Amino acid sequence: MFLEGFKVESPHVRYGDGEIESEYRYDTTEVAPTPEGSWVVRPKSVTYNFKTSTAVPKLGVMLVGWGGNNGTTLTAGVIANKLGISWSTKEKVHKANYFGSLTQASTVRVGSYNGEEVYAPFRSLVPMVNPNDIVFGGWDISSMNLADAMGRAKVLDFDLQKQLRIHMESMVPLPGIFNPDFIAANQGSRANNILKGNKKEQVDHIIKDIREFKEKNKVDKVVVLWTANTERYSDVVVGLNDTMDNLLASLDKNEAEISPSTMYALACVTEGVPFVNGSPQNTFVPGLIELAIKKNSLIGGDDFKSGQTKMKSVLVDFLVGAGIKPTSIASYNHLGNNDGMNLSAPQVFRSKEISKSGVVDDMVASNNILYNPGEHPDHVIVIKYVPYVGDSKRAMDEYTSEIFMGGKNTIVLHNTCEDSLLAAPIILDLVLLAELSTRIQLKAQSQEKFHSFHPVATILSYLSKAPLVPPGTPVVNALAKQRAMLENILRACVGLAPENNMMLEHK
């Protein structure tokens with residue numbers, strides 16, 4: 001059974017003028033040693049109060065790398081959905097949709113009725129921005145308008161592109177920050193739309209761009225997301241970017257080791273605008289994280305989790321959870337889009353290798369029956385640039401595991417990932433959830449005042465290969481746990497218990 005929407009009826013929930021208030025009992029456990037050297041586990045309950053503003057804003061989204069494959073595909077997709085466009089291929093007539101979006105195309109279980117499970121859209125849990133109402137803008141180092149850039153990307157079917165051109169020809173990216181030291185040399189040929197000045201002047205210009213975009217389009221809020229080229233890792237150096245003060249002083253001194261992505265993030269944090277990093281580089285150096293915490297300005301990332309890594313975060317969690325021991329994981333990719341071209345530079349590939357490699361760490365660490373302390377599966381990642389395949393990335397994986405009584409099990413996967421068509425709805429979810437999280441406040445029973453979520457937005461972890469978390473917070477990569485966390489937080493906002501799947505009423 002499916003409901004388009006619902007309202008919670010409970011003494012612990014109040015639908016007020018402009019907000020939803022809920023009282024939520026958070027049940028968890030704490031573990032402690034005893035004087036005798038054993039361990040005890042104690043159930044623990046904390047009552048939280050949530051306040052969620054229902055004033056859904058007019059949202060502006062500014063993409064860094066707007067003219068790239070992801071930026072053009074997302075913009076085109078939203079326009080097609082807004083206008084209800086259909087187009088023909090040799091298979092059938094297609095209709096615009098948001099398939100691949102957690103918020104727009106997935107459901108949550110809300111209960112049962114007459115013995116039948118009842119589901120509702122994920123987006124119906126709390127009021128969210130309608131993606132069709134988003135106003136897009138952004139920056140790119142290429143001056144090509146979005147209609148021509150869409151054609152260059154070769155992602156969308158030609159009949160669809162023809163219908164969209166008239167709506168995208170007038171969309172031209174603002175000049176972007178370009179530093180050839182941080183990306184592959186082969187990107188220089190696209191760089192004809194470059195922001196001039198020293199680093200401080202460039203950051204100030206980005207702030208000016210954000211303010212002017214907000215004013216021109218009369219939007220209430222802006223979210224900025226990096227979907228530009230993967231950069232090499234920045235060196236984290238004491239006195240350079242290790243603290244907030246050092247990073248700001250380094251900006252004033254025009255230090256070379258401040259990357260373009262960090263500069264965009266600095267501009268957004270300074271302006272109090274949410275910033276999400278969709279690439280694997282270490283944009284969020286320690287000084288930037290410190291500044292975001294001080295300003296209470298949302299930052300999130302890193303790296304879209306769309307294809308091969310999403311499968312890995314499901315499969316390894318399943319294997320380890322089933323008591324099977326993965327001992328070798330070999331992951332090979334080849335792709336032919338501009339992302340693949342940029343990743344052909346070894347220093348840039350290293351950023352991607354790091355973000356892909358860490359995805360199994362928490363699952364391995366969860367089972368000391370299978371793994372000794374410090375033991376880890378052999379894990380190799382290869383990415384090659386093959387221009388002919390374009391945006392249709394091929395991902396091939398081999399998982400070798402130890403099973404019962406010395407046996408071995410091998411699983412081989414071949415995954416053809418339409419790279420940008422998988423990434424675009426993830427970008428949509430990231431900006432919608434980033435905006436939503438700025439409207440949620442909470443407090444524990446012992447606290448006097450409501451506060452926002454921590455500015456390092458772990459709520460976005462489900463969508464990220466290498467989730468950024470606050471200092472001292474465990475990193476969770478297992479996909480099912482990440483989705484449950486996100487869903488259960490939104491359920492708490494309307495006073496619903498976590499979905500535990502016990503179904504005791506039928507036992």
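Which strands does helix α14 lie across, and at about what angle to β2 does α14 run? Helix α14, residues 479-493, lies across β2 (19-33), β3 and β18. The angle to β2 is about 130°. Axes here are lines fitted to C-alpha atoms, for helices over the stretch in contact, and angles run from 0 to 180 degrees between N-to-C directions. Helices (H or I, at least four residues) and strands (E, at least two) are DSSP runs, numbered from the N terminus.

Some ground rules. This is a predicted model, where local features need pLDDT of at least 70, side-chain atom pairs count only at pLDDT 80 or more, and totals for chains, interfaces and linings use all residues. Residues are numbered from 1 along each chain as its sequence is written, and side-chain values use heavy atoms, with hydrogens and water left out.

Now the sheet. It is open, with five strands in the order β1-β2-β3-β18-β19. Pairing is antiparallel, and two strands pair if DSSP finds at least two bridges between them. At the edges sit β1 (13-15) and β19 (451-452), each pairing on one side only. Take β3, residues 39-53, and β18, residues 440-444: five bridges join them. In β18, Lys443 stands opposite Asn49.

On to aromatics. Rings of Phe, Tyr and Trp (its six-membered ring) pair if their centres lie within 6.5 Å; planes under 30 degrees apart count as stacked, over 60 as edge-to-face and the rest as tilted. That rule gives six aromatic pairs. One of them is Tyr24 with Phe50: centres 6.3 Å apart, planes at 80°, so edge-to-face. Tyr24 is in β2 and Phe50 in β3, so this pair ties together parts 26 residues apart in sequence.

Next, helix packing. Helix α1 (residues 69-83) and helix α3 (residues 146-153) have axes that come within 9 Å and cross at roughly 115°. They are therefore roughly perpendicular; the classes are under 35 degrees roughly parallel, over 145 roughly antiparallel, 65 to 115 roughly perpendicular and the rest oblique. From α1, Asn69, Thr72, Thr75 and Ala76 make the contact (heavy atoms within 4.5 Å). From α3 come Leu146, Ala149, Met150 and Ala153.

What about α1 and α4? Helix α4 covers residues 158-168, and its axis is 10 Å from that of α1, at an angle of about 95°. That makes this pair roughly perpendicular. Thr72, Ala76, Ile79, Ala80 and Leu83 of α1 meet Leu160, Leu164, His167 and Met168 of α4.
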